[in-house]
Amino acid sequence: MKNLLPVLIVLFTISISGLQAQSFVDLGKVSGSFEFDGQFYGTDEALGITDSTLDGNKFRFNGFGNIIYTNGNFRAGFRYEAYLPPIAGYNSQYEGHGIPYYFAEYQFKNVQITIGNFYEQFGNGLVLRSYEEWTLGIDNSIRGARVKFQPYKGIAIKGLIGTQRYYWEPYYNGNRGIVRGLDAEFYLNEMFNGMAETKTKIIIGGSFVSNYEDVADKTLIQDSTIYKYKLPNNVAAYAGRMRLIHGGFQFNGEYAYKINNPSAMNNYIYKEGESLLASFAYSTKGFGISVSGKRIDNMSYKSKSTEIGEALDINYMPPLTNPQKYSLATIYPYATQPNGELGIQGKLNYTIPRRSKIGGKYGTKIELNYSNIFNIDKQPVAEGIPVDSTGTLGYQSDFFAIGSPKYFESFDFIVSRKFSQKFKMLVSYVSQVYNIDVIEGHTGEPMVYTNIVIADLTYKFTPIKSLRFEYQQLFTKQDRGDWVMALLEFNIAPKWFFTVFDEYNYGNPEADMRLHYYSAGMAYVQNTTRIALSYGRQREGLLCVGGVCRAVPAANGLTLTVSSSF
Amino acid sequence: MKNIVMIMLVLFIGLSVYSQSEGKTGRQLPSIDLRTAGGEPFNTADISNDGKPVILSFWALWCKPCIKELNTIADEYYDWQEETGVKLIAVSIDDSRSSSKVKPFADGNDWDYEILLDENGDFKRAMNVNMIPHTFILDGDGNIVWQHTSFSEGGELQLIDNVRKVAAGQKIDEH
């Protein structure tokens, strides 16, 4: 596993030896992409950024380049990454550069083999998901081998083995586990001819994952007594899922179970883990509704038992909150609590038809979201033993009981309408309840209650020149108090973008922290190449993509991004 | 260290020039397993539109300009289809957090597009999509003939202009 590169070269050579050298050049296609993000930091007294805090690192740089070679059924590629040093907010362990990702893949009839790095998801990811998110610095790709096999129509089987990426640290025995997984999915309507014409479509699946890690016994000294705990070397997890589709109705459910997995994440308790995810959706033209529910109980699953950061996650627990698109509404974002949470979410979209009395000439779009998330119920395993005590079963939990505290609640209402060829408007109201104590670890701070109003107006001067104006205001009596934000964006489609905005924390309880976070930027786009330059202050906060967040420190400076693909 | 960065830079620029001159012969879509918005398995090698052009648009529920682009096109889509026979396939890169909400969202917004779910970004990676919105035009034979990233009001005019050229069998040359 350590020296995969020679294996890849051999595989590569074998696969091309079957072809004539000429056709390898002629038929082969090269594609790729790259991105460079550079930040030049300046000092900012109000933000507490001085020459000494910058520590000589005035310029920081993240970059990657991808190359993919394709020839018929053969694909190979690699990604080069450089963090010299990583831009503010990224894990400092990324510092360095190299090739963390390379693969070769061959499809032979109904079998596909991948050697090298790969990303994979079983079902909804409750027991296995390896993925990457460049903007957040997340990459838990698996290096090893994967086979996908379709033995019969409607049946898809996947098997994999490998070790996960841990920044730049090479794998050696003992520094992380070996992940093995098997997944099977059955699309009944394709498998059985008798069901081919049935209106109800049924897909069922199951996964099994195991992590082998050579872990030493855990020693705990309490009241001068030494306790020694044996930790399991093999941690297994499995899951079953079902998807039902009937016309506009859809049901998707998955249940996952994990054996006892004492780790730094759960304070070394021996309780088993489980999670349940269920969603129901119905839609027809102009109307859509979805309701989801989730229960997570001690489900952190990493390939290293001592890891507490964002690295080496084997599984993924989707948060049930609405991803926010406007900046002030992202100040208090939710992040999944892997040790236990119980949540529901509902979402509704409706278009009031065009040319109707209320809908107007172009129709009016309405969106409603509601989320509510609590801790699961946690009761002591025995009298006198506190919940989550190391070496115990941790806690007992009633599956359906709502625990305390509350983690998050939000309600969003969005209306958007095109009034004429020239003018569009969107207005939105967001209300949030945010447990800053648990989510951000600000121990003892009170629950944050917010009310946010948003207006987004677009006016077109000519078919390609438009001006966009955003106004947002956030009201809260807790944490950093009230905010107001205004943005102006002038666009000349499809190439030029000019933006200025200011976020003003006028309600901050500390008078000298009532700061303006101003920024000005421009971008030029030519096909797939985008060059963007911005200058200004960056608010301290959480940057979130797809429900996973990264803490971004306050900064002041110039940011340059160049991205392209070919 | 700096030398390596320079070498990589030169390599990438060189390759992008090389592939652009070579790209005229057309690159086909990779074969990736996805799901339809309805939840059924779907392979991207099966994307076709009976010899007519296809617009492939990568988007997500959290992406404001993506939704703006798809809403803008939705107002014109019927005319575009009638004129060029084009079909738009909107590939959502929302993960399992939101993928079950994609179909209700698309239907609720009255979109007539085909929707695919790329839950783990496999198709996105294979297509070298760095940021969204990222839009491709495929010709009638399934070759990628044009791509563009980002959107602002009026961007749809360039898109349909290029679709018209592809539908008429002309080359897209623009600077």
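Helices (H or I, at least four residues) and strands (E, at least two) are DSSP runs, numbered from the N terminus. The model is predicted: local features need pLDDT of at least 70, side-chain atom pairs count only at pLDDT 80 or more, and totals for chains, interfaces and linings use all residues. Residues are numbered from 1 along each chain as its sequence is written, while chains are lettered from A and ligands numbered from 1 in the order in which they are written.

**View 1. Chain B in outline.**
Chain B holds five helices and eight strands. From the N terminus on, its elements run α-β-β-β-β-α-β-α-β-α-β-β-α. Of the 175 residues in chain B, 53% are buried (20 or more other C-beta atoms within 10 Å of the residue's own; exposed means 12 or fewer, partly exposed in between; C-beta atoms are placed from the backbone). Two residues are in contact if their C-beta atoms, placed from the backbone, lie within 7 Å. Among contacts in chain B with a separation of 6 or more, 69% join residues 24 or more positions apart.

**View 2. The open sheet of chain B.**
Eight strands form this open sheet, in the order 1-8-7-4-5-6-2-3, with mixed pairing (two strands pair if DSSP finds at least two bridges between them). Strand 1 (27-28) and strand 3 (41-43) of chain B are the edge strands, each pairing on one side only. Strand 2 (residues 33-36) and strand 3 of chain B run antiparallel, joined by three bridges. One of the residues to look for is L34(B), whose bridge partner in strand 3 of chain B is F42(B). Helix 2 of chain B packs on the sheet and touches strand 4 and strand 5 of chain B. The direction of helix 2 makes about 150° with that of strand 4 of chain B (axes are lines fitted to C-alpha atoms, for helices over the stretch in contact; angles run from 0 to 180 degrees between N-to-C directions). Helix 5 of chain B also packs on the sheet, touching strand 4, strand 7 (134-138) and strand 8 (143-149) of chain B. The direction of helix 5 makes about 15° with that of strand 7 of chain B.

Just after helix 2 of chain B, G85(B) takes a positive phi of about 75°.

**View 3. The nonpolar cores.**
A nonpolar core is a set of buried Ala, Val, Leu, Ile, Met, Phe, Trp, Tyr and Cys residues joined through C-beta atoms within 7 Å. The largest has 52 residues, and those with the most contacts inside it are I55(B), W59(B), A60(B), I132(B), I137(B) and V163(B). Helix 2 of chain B gives the most to this core, six residues. Not counting residues up to four places away in sequence, V163(B) touches P53(B), I55(B), W80(B), T84(B), V86(B) and I137(B). A second, separate core has 22 residues, including Y332(A), I373(A), I376(A) and V448(A).

Side chains alternate along strand 25 (residues 465-475) of chain A. S466(A), R468(A), E470(A), Q472(A) and L474(A) point to one face and are buried. Strand 24 (residues 448-460) of chain A pairs with strand 25 of chain A in the antiparallel sense over ten bridges. These two strands form a hairpin with four residues between them. I452(A) has L474(A) as its bridge partner in strand 25 of chain A. Strand 25 and strand 26 (residues 483-492) of chain A also run antiparallel, joined by ten bridges. Y471(A) has A486(A) as its bridge partner in strand 26 of chain A.

**View 4. K199(A) in its loop.**
K199(A) lies in the loop between helix 4 (188-191) and strand 13 (200-212) of chain A. Is K199(A) buried or exposed? K199(A) counts as exposed because it has 8 C-beta neighbours inside 10 Å. K199(A) touches H246(A) and G247(A), not counting residues up to four places away in sequence.
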